[in-house]
Amino acid sequence: MVHTATLTAAAAALLCALPVQAGLYPKSSAVLSIDGKNYDRLIAQSNHTSIVEFYAPWCGHCKNLQPAYEKAAQNLKGLAKVAAVNCDEESNKQFCGTFGVQGFPTLKIVKPGQKTGRPIVEDYNGPRTAKGIVEAVMDKIPNLVKRVTDKDLETFLADANETPKALLFTDKGKTSGLLKAVAIDFKGSIKVAQIRNTDKASVELFGVTKFPTLVLLPGGKEAAEGIVYDGELKKDAIVAFLSQAATPNPDPAPPKVKVPKKKDSKISPDKAKAAFEKASKSHAKADGSTAGATATEEVLEDGAKPTESPSPEADTEKPVVLPDPAPAIPTLATEGQLKKECLGPKTGTCILAFTAETEDATTKKALEALAELAHKHAIAKRNTLPFFVVPKSNVAQDVVKAAISLDAPLEIVAINGRRGWWRKLPAKGSAIKDEDVTVEAIESWVDAIKMGEGSKEKLPEGLIPTEPEAPEPQAEHPIVVEEILEEVDDEPKTEKPAAEETKVDDKHDEL
Ligand SMILES: *[C@@H]1O[C@H](CO)[C@@H](O)[C@H](O)[C@H]1NC(C)=O
């Protein structure tokens with residue numbers, strides 16, 4: 001008897017001594033690990049739809065679900081958020097309780113409601129497969145995309161004249177998940193619509209010859225000329241393209257910047273600038289605000305220290321007029337983005353600022369000037385060359401700089417992939433000085449390029465692929481985000497009874 005009691009006590013002691021089991025989804029996972037503290041900011045406040053798994057690391061069904069959930073997260077990247085809460089963590093127990101979680105895993109789809117921060121939460125009881133989850137979540141992505149026809153195109157274009165608009169000409173009847181997600185990223189700043197190929201008058205008016213074609217109309221009275229998107233039909237690239245007209249909403253929203261209120265609704269340029277810089281910094285962290293794309297880092301960085309934000313009422317009661325700051329120019333963070341936008345066999349002229357890890361005064365000045373110039377052109381609805389930052393953290397920076405023998409910490413170049421030339425600011429051989437990066441100096445350099453003036457250097461062989469790049473092998477990128485471009489196809493599906501997991505990727509591959 002004594003023996004047994006001792007054993008039991010020993011077993012209990014052993015159990016207690018076991019370390020708390022780690023969660024199922026590591027930092028590197030596409031699944032966003034959340035907790036009671038950041039749920040509100042990351043999920044409830046988002047304009048995007050999310051799915052949240054409530055789990056315990058020891059639960060067998062949770063472990064079984066893990067690979068499918070991981071895959072669903074990769075498939076939904078940029079389209080919706082896929083999150084998980086470890087309910088075994090002491091600090092999350094109450095939070096899981098408030099959701100009425102009784103067994104593990106429990107899956108809930110969180111869809112934005114009418115009011116921000118008041119989402120509609122529904123249980124997901126469908127199949128525990130990547131396909132089942134992806135389809136259910138895609139089905140709940142809010143549709144902010146307007147359908148227009150020949151009849152109401154005029155009205156659509158005239159409505160809120162100053163607001164930029166993006167119009168997708170498509171031969172599909174349904175709205176793709178990709179376009180919905182893009183519309184959500186630009187909610188409040190760009191009106192997104194789609195129109196069918198059968199609306200002949202509009203198709204002709206815009207001279208559209210292939211479907212899909214995406215046209216950006218920067219807004220305003222003289223906005224007759226649309227900018228036709230000719231990049232890849234992938235979310236990041238489309239968001240980068242539309243960013244020339246408006247900044248996508250950072251998600252999660254950055255902490256509010258308190259702006260001192262003055263009677264005359266003006267604030268000192270310095271303060272506005274500081275506020276803007278702070279806001280755009282947190283925006284940059286959200287990396288163009290694709291849903292869930294970088295949210296994992298966000299949680300880890302900010303989750304533990306929620307920031308106080310001033311009460312929202314205070315801000316809405318007396319609107320403060322900010323001196324219309326120029327949004328920062330978009331960043332090409334990865335080699336893939338750089339190739340896609342500027343180093344492809346078909347890419348046109350890009351202006352690239354290669355920056356060092358730490359920005360010196362000249363770099364700051366240059367980036368501000370570029371932003372101002374881009375903004376000025378956007379406001380004036382003038383077509384201009386796209387400007388991008390290529391940060392040091394983009395591994396391709398060194399490769400390109402080495403290829404064209406540049407080595408200063410800040411280099412600004414124009415590159416044209418299609419024609420295979422490049423050109424440096426100010427001139428080859430001399431380093432960038434402060435006077436080279438004023439708005440005026442950059443503008444006249446850009447204008448000269450547009451006019452075809454000045455000498456260009458030939459890009460070295462091999463920097464630009466000769467043919468459009470073949471799709472990447474599935475093995476390297478088993479799950480390609482951008483492949484889920486289409487939510488529902490109107491055409492009858494001829495599904496082969498292929499393995500469930502392969503079907504997930506293949507079905508949604510158009511805009
Ligand atoms: C949600 O949309 C509104 C516009 O309706 C925008 O102001 C806000 O920044 C968006 N929030 C997030 C987190 O994207």
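Modeller: A disulfide is a pair of cysteine sulfur atoms within 2.5 Å. The model is predicted, so local features need pLDDT of at least 70 and side-chain atom pairs count only at pLDDT 80 or more, while totals for chains, interfaces and linings use all residues. Residues are numbered from 1 along each chain as its sequence is written, and side-chain values use heavy atoms, with hydrogens and water left out.

Colleague: Is the disulfide of C59 and C62 right-handed or left-handed?

Modeller: The handedness follows from the torsion about the S-S bond of C59 and C62. This torsion is about 90 degrees, so the disulfide is right-handed.

Colleague: Which handedness does the disulfide of C87 and C96 have?

Modeller: Here, too, the torsion about the S-S bond is the value to consult. For C87 and C96 it is about -90 degrees, and therefore the disulfide is left-handed.

Colleague: Is C342 buried or exposed?

Modeller: Buried means under 20% relative accessible area, exposed over 50%, and partly exposed in between (1.4 Å probe, protein chains only). Because C342 has 0% relative accessibility, C342 counts as buried.

Colleague: What pattern do the disulfides of the protein chain follow?

Modeller: The bonded cysteines are counted along the chain. With this counting, the pattern is 1-2, 3-4, 5-6.
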